Amino acid sequence: MEATLHAAGFPVDLLTDEQRLVLGELTPEELTLLLDVKSRLDAVGPEVQAHGEIAGGALF
């Protein structure tokens, strides 16, 4: 589980033991959903980050 999350870019090394426990209890379906949401957020990350840098953090 941790290897899958790490490969997807989750900062596994920075998680608390409690957070790791919660993630370790995810069902395969929940893990798939989590990875899907993260990939979609990552896909728009540069767009959101660019607005933050150009507009001083304003969201639109």
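Good morning. The structure is a predicted model, in which local features require pLDDT of at least 70, side-chain atom pairs count only at pLDDT 80 or more, and totals for chains, interfaces and linings use all residues. Residues are numbered from 1 along each chain as its sequence is written, and side-chain values use heavy atoms, without hydrogens or water.

I begin with the core. A nonpolar core is a set of buried Ala, Val, Leu, Ile, Met, Phe, Trp, Tyr and Cys residues joined through side-chain atoms within 4.5 Å. Buried means under 20% relative accessible area, exposed over 50%, and partly exposed in between, with a 1.4 Å probe and protein chains only. The largest such core has five residues: Leu5, Phe10, Val12, Leu23 and Leu31. Beyond its neighbours within four places in sequence, Leu5 has contacts (heavy atoms within 4.5 Å) that include Leu34 and Leu35.

I turn now to the salt bridges. The term denotes a side-chain nitrogen of Lys or Arg within 4 Å of a carboxyl oxygen of Asp or Glu. How many does a search of the whole structure find? There are three.

In one of them, Arg20 meets Glu2 at 3.5 Å, N to O. Arg20 lies in helix H2 and Glu2 in helix H1, so this pair ties together parts 18 residues apart in sequence. Helices here are DSSP runs (H or I, at least four residues), numbered from the N terminus.

Another joins Arg40 to Asp36, at 2.9 Å. Arg40 is exposed, at 51% relative accessibility, whereas Asp36 is partly exposed, at 34%.

Finally, Lys38 and Asp42 meet at 2.6 Å. Lys38 is buried, at 16%.

Note on methods
Helix = DSSP H or I, 4+ residues; strand = E, 2+ residues; numbered from the N terminus.
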